[in-house]
Amino acid sequence: MTATVTLPTYDQVVRLPREFGPLVVPPEFKDANGHMNIRHYLDLGAEAIDTAFRRIGLTDDYRATRQQSFFTAEHHLKYYTEVHVGHQISAYFRIVERSDKIIHGMALLVDDTTETLANTLEVVAPHVDLTTRRVVAFASDIAEAVDRELAVTEPVGWPAPVCGVMGIRARRDIAGR
């Protein structure tokens, strides 16, 4: 049995902070099927996430001075409507949940021309020490910035249309405790 996911409306999504757009889809984004190619959905979703993460404080300076960053551990693309050349699109981001080391978030790409949700890019992004390549807790200023972002995007009044197989999992030792 599969769970039914209720999609947010265009009007609900556009109440989130806009990460970019509107952008007119150029002819070079078209694929052999006559709509925007898959790689552009991924690139635009990743750009929206990157913009939000820079707002949180994950900048080139942060990586250089603190030797920490976020990696993408998992991602999931979901398509809801086709996007065509000449349409205007915009992207938004919301945090779904967070732990002290991981952000589970989602970029939402809308077609402003048709006023529909076009696709989502859901990610699980652990915070990593770049010298050890291991997952580490956020510094307090980053945790506060994540919480500010969460405070803006969490009370939107609709559940994020998550895929259901990703998220923040509790770590268990060998004994399963």
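Here is a short chat about the predicted model shown above.

Q: What kind of model is this, and how are residues numbered?
A: It's a predicted model, so to speak: local features need pLDDT of at least 70, side-chain atom pairs count only at pLDDT 80 or more, and totals for chains, interfaces and linings use all residues. Residues are numbered from 1 along each chain as its sequence is written, and side-chain values use heavy atoms, leaving out hydrogens and water.

Q: OK, how many helices and strands are there?
A: Four helices and seven strands, counted as DSSP runs (H or I, at least four residues, for helices; E, at least two, for strands) and numbered from the N terminus.

Q: In which order?
A: From the N terminus on, α-β-α-α-β-β-β-β-β-β-α.

Q: How many residues are in the largest nonpolar core?
A: 32, with Met 36, Phe 53, Ile 56, Ile 103 and Leu 109 having the most contacts inside it. Such a core is a set of buried (under 20% relative accessible area, 1.4 Å probe, protein chains only) Ala, Val, Leu, Ile, Met, Phe, Trp, Tyr and Cys residues joined through side-chain atoms within 4.5 Å.

Q: Which element gives the most to this core?
A: H2, with seven residues.

Q: And what does Ile 56 touch?
A: Leaving out residues up to four places away in sequence, Ile 56 touches Ile 95, Ile 103, Ile 142, Ala 145, Val 146 and Glu 149; contact means heavy atoms within 4.5 Å.

Q: Switching topic, what share of the chain is buried?
A: 43% of the 177 residues.

Notes
Buried < 20%, exposed > 50% of the residue type's maximum accessible area, 1.4 Å probe, protein only.
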